[in-house]
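Look at the sequence and the fold shown below. The report that follows goes through strands, surface and aromatic rings.

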Amino acid sequence: MRKIFSLIVVTAIILILIFIAIKDNFNLNKIIIDLEKQTDLKITLNNESKWNYYPLIKFNNNITINDNANFLVINNADIDISKNYWPTSPIKINLTTPSINVEGIQLRNAIIKSSYKNKNIFIEKISSKLIEGNINAQGKINIENEMPFKVNGSFKNLSLNVIMNQAKIAKWDRVN
């Protein structure tokens, strides 16, 4: 009887120590503040966050993201973040939004599927509608380098003239 009681007490102490050690890793406000400091973005949670801890750690919410210069504005985006319990597994990030505004260029019905590991964000898929066409891309973003990203992809049925006008880069009235 004494051995069973000792085993229960030791197990409880170990579980409490593990909880104390990882409690800051799941503090959502701390994670958002750290992301905002590292990326110069402002992140706003629109709904109550949903956490799920089995069979993997999963977070869902509706967010708004913009930077200080309003170069990038993402409104009403559903974000799903998940991570397997295996320590070396990547963090999966899926973002679905009706609108992404990048320097005046409006991307509609955007879907971004990515993963984060070793200070790199691997973008597996970006798909969106732009004006009357479609964009599909993939890439890699390194958080520590001065040249932080590389994106490859394809587009279909895009008007270069309309994109240049929206971005206020050039106005070519006679070029189609």
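Which residue in E9 is the bridge partner of Ile 135? The partner is Phe 155. The model behind this answer is predicted.

**Overall make-up**

The protein has nine strands and three helices. Read from the N terminus, the order of its elements is α-α-β-β-β-β-β-β-β-β-β-α. The protein counts 176 residues, and 23% of them are buried. Its exposed surface comes to about 13,000 Å², of which carbon and sulfur atoms supply 59%. Contacts can also be sorted by how far apart their residues lie in the sequence. Among those between residues at least 6 apart, 25% join residues at least 24 apart.

**Strands E7, E8 and E9**

Strand E8 pairs with E7 and also with E9. The table lists both pairings.

| Strands | Residues | Sense | Bridges |
|---|---|---|---|
| E7 and E8 | 120–130 and 133–142 | antiparallel | nine |
| E8 and E9 | 133–142 and 149–156 | antiparallel | eight |

The hairpin of E7 and E8 has two residues between the strands. In this hairpin, Ile 131 takes a positive phi near 55 degrees.

**A nonpolar patch**

Which residues form a nonpolar patch on the surface? They are Phe 5, Val 9, Ile 13 and Leu 17, and together they have about 390 Å² of accessible area. Val 9 belongs to helix H1, which covers residues 2–22. The relative accessible area of Val 9 is 33%, so this residue counts as partly exposed. A residue needs over 30% relative accessible area to be part of a patch, and Val 9 has 33%.

**An aromatic pair**

The count of aromatic pairs is one. This pair consists of Trp 51 and Phe 59, with 5.1 Å from centre to centre. The angle between the planes is 55 degrees, and the pair is tilted. Are the two residues of the pair buried or partly exposed? Trp 51 has a relative accessibility of 32% and therefore counts as partly exposed. Phe 59 is buried because its relative accessible area is 6%, and buried means under 20%.

How values were computed. Residues are numbered from 1 along each chain as its sequence is written. This is a predicted model: local features need pLDDT of at least 70, side-chain atom pairs count only at pLDDT 80 or more; totals for chains, interfaces and linings use all residues. Side-chain values use heavy atoms; hydrogens and water are left out. Two strands pair if DSSP finds at least two bridges between them. Helices (H or I, at least four residues) and strands (E, at least two) are DSSP runs, numbered from the N terminus. Buried means under 20% relative accessible area, exposed over 50%, partly exposed in between (1.4 Å probe, protein chains only). Contact means heavy atoms within 4.5 Å. Accessible areas come from the Shrake-Rupley method with a 1.4 Å probe; for residues, only the protein chains shown count as cover. Patches are made of residues with over 30% relative accessible area and no salt bridge: like charges are joined within 9 Å, nonpolar side chains (Val, Leu, Ile, Met, Phe, Trp, Tyr) within 5 Å. A salt bridge is a side-chain nitrogen of Lys or Arg within 4 Å of a carboxyl oxygen of Asp or Glu. Rings of Phe, Tyr and Trp (its six-membered ring) pair if their centres lie within 6.5 Å; planes under 30 degrees apart count as stacked, over 60 as edge-to-face and the rest as tilted.
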